[in-house]
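Welcome, and please open your viewer. We will go from stop to stop, with something to select at each one.

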Amino acid sequence: MNTIIRHIASFLIVSILLPLSALAKDRVLSQSTYEALVLTCDSAVNDKSSVDMFKHAHKTVILANMLESGNTNYDNYAPIDSVHYYKSVGLYYMGRYYLEVGRETSNKHYYQLARNYFRNVINSENIKEHLPDVVNYLAEAYHLNSQTDSAIYIYQNNIDRCKNTNNLRPLSNAYLHLGIIYSEKKIYNKAESYLTNALNIQQENKDDASTSTTLVELGKVHMAQNDLSKARSYIQKALSISANRHIVATYISALHASYTLARENKDENTALYYLEKEVALRDSMLKRAIMSRESGIQAQYQIQIKESQIDALQKQNEIDAMRLQQANEQSDKRWTALIFMHIIIIIAILFAVYYLMQTRKQKKMNIDLQRQYELINYQKEELAAQRDKMTAINDSVHDSIRYASKIQRKVMNGANEGKNVFPLSFVLYKPKEIVSGDFYYIKQVGDYKIAAVADCTGHGVPATLLSILCLSFLNEEISSCTEPHADTILENIRARIKDTLYTEGSDDTVLDGCDMGIIILKNGTRQMEYAGANIDLYIARRKMDLISDNYDIEILKATRNPLGWHLKEQPFNKNTVTLNSGDTIYMFSDGYRDQIGNEGSFGATRIKLLLEQIAPMTLNEQRRELQSTLSSWMGTNVQVDDITFLGIKYLPRNISKESLTLT
């Protein structure tokens, strides 16, 4: 009996000491790895050479991954948030490195790498105090990669973030880069506004380097607008600051801008003076760069020697680690045999007791299992009945929605005459769901041809109910008019929607509404009326050179009010347009414009360019091109809203049928 007690005691001691020893070893290993992580990250932060910065940043990420993926417990001396922080810093400096290499080589591949690293840093949310700077660098990577729309979107969001946190330095940088982008786009009023905002912040913070850069960009903007006096004032200030503060890159830009300004003023002597200074300074910088590169080659050679030594040391460490592991494995085998013997003795003692207890429990378990089996069968039957009931309800709901879609399309087709009114027309109609909040309307009343496109708030079933209500109001208004006018129709529909849906102070008030564009064309005339509630009218017209088949796009802006309740209600404007033979009229809901692709939303600018391209085509070809362009843009992204696109080509009645066929 004493022998058994001694064996049990020794087994318990070994069982406690072995895990404690392994835990101590893991903690020492993890602590040394964490200390190496901290030192390497500090080196990346303080490195002046971009190559050294990248090496240390890359090693920082590797060490952080080792700590994150390991099974060791290091919370006592290194919280997990700290490891995530250092990993984020490493990713940040790797992005900085690739952005710098991209600037030097003009290689878009590096901009894409930089963009991916900055995205990972933003998603990590572990360096909140540096987040505005990281977002600015991400936007710059998009800009340098010619994705200006995405860059503008990111910069504008970052401006809001910086304003909320009163972070002035990244705020001024975002303003500066937005000004540069809009200057490149030749939208000079926006460029000047953003650059002026940046300049005010930089001057208040006495940031001479950024101030001189902004002054040069403002000078370029005014030079592009032929305001040479203001341009000279800004550029002279930039010259003065960059020269006094030895800001070489900005000084060269200011010299070049001064040279360009002098050429614009026909002052050849002054232009030659600035050009000579610019060339001399660039030559000086080139010589320094050559000398630096030669010294860098020598330094790189020394680095390669050191790296070879480090590789050799690492291999030796791996060999020593393998030998130590083999010794530990042999020791572990002896301990395993001893422990196994103790386990067999204990199991033999406990097995008899366990067998007797299990025999008694088995009878009770069999009874309990039988009861549970009966209960489970009952629950399965209940669940199956509920599932069948839910399936029937779901099928009924879907059938109702599909039938509602048929009713909605029938209502639209019944409320218009389509091709009978406008023989040369097309409609691209794509609901987001089975039913739609969009609708289109074409009808002839007496001598008047009327067409409308509407987009009710939201999509799906609620928007469909609202669209049927608005379609009913529109049809009633047009049917009751002897001489319809576009603005009057919109005003009357707005009043009826407000009377129906809005009750001030009531809990059941509905603030949803409808956007609508409507045109009215009188037979025998070329005059067309248009009024819009948040839906613009696009007119494609052939250019007047009579040789090319190019078209200009004229946009008639809608009143920025919906049909419904609005805080700042305005009367709807009526536009009267004289149409030319061959003009094509387009109205569409915002679903096409707002569709998300891999580069953000499609946008109004792309729609205008697309209409310029397809205007010479036949209407069937135009519809196919709109459909294929939308599909290519969406890719794997889902449709975000209902889409309705109406196109009508205007031809006088005296055009022959042969001409209609060709058109």
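Before the first stop, two words: strands (E, at least two residues) and helices (H or I, at least four) are DSSP runs, numbered from the N terminus, and two strands pair if DSSP finds at least two bridges between them. You are looking at a predicted model, where local features need pLDDT of at least 70, side-chain atom pairs count only at pLDDT 80 or more, and totals for chains, interfaces and linings use all residues. Residues are numbered from 1 along each chain as its sequence is written, and side-chain values use heavy atoms, with hydrogens and water left out.

**Stop 1: a hairpin**

Select residues 438-445, strand E2, and then residues 448-456, strand E3. E2 and E3 form a hairpin with two residues between them. In that turn, look for Gly446, whose phi is positive at about 65°. The two strands run antiparallel and share eight bridges; Val445 has Tyr448 as its bridge partner.

How many residues of E3 are buried? Nine of its nine are, where buried means under 20% relative accessible area, with exposed over 50% and partly exposed in between (1.4 Å probe, protein chains only). Show the side chains: Tyr448, Ile450, Ala452, Ala454 and Cys456 point one way, while Lys449, Ala451, Val453 and Asp455 point the other way.

**Stop 2: an open sheet**

Move on to five strands that form an open sheet with antiparallel pairing, in the order E1-E12-E9-E6-E7. Its edges are E1 (425-430) and E7 (551-556), each pairing on one side only. Neighbouring strands here are turned by 15° against each other on average, direction ignored; axes are lines fitted to C-alpha atoms, for helices over the stretch in contact, and angles run from 0 to 180 degrees between N-to-C directions.

Inside the sheet, select residues 584-588 for E9 and 643-649 for E12; five bridges join this antiparallel pair. Thr584 stands opposite Lys649 of E12.

**Stop 3: two helices on the sheet**

Contact means heavy atoms within 4.5 Å. Next select residues 619-634, helix H17, which lies across E1, E9 and E12 and runs at about 20° to E1.

How do these two helices meet, and at what angle do their axes cross? The axes of H16 and H17 come within 10 Å and cross at roughly 140°. To see the contact, show Arg606, Leu610 and Ile614 of H16 with Gln622, Glu625, Leu626, Thr629 and Trp633 of H17.

**Stop 4: one buried asparagine**

Jump to residues 131-144, helix H5, and pick out Asn136. Why does Asn136 count as buried? Because its relative accessibility is 8%. Leaving aside neighbours within four places in sequence, Asn136 is in contact with Tyr155, Asn158, Pro170, Asn173 and Ala174.

**Last stop: the whole chain**

Zoom out to see 18 helices and 12 strands. Of the 663 residues in the chain, 38% are buried. Among contacts between residues at least 6 apart in sequence, 66% join residues at least 24 apart.
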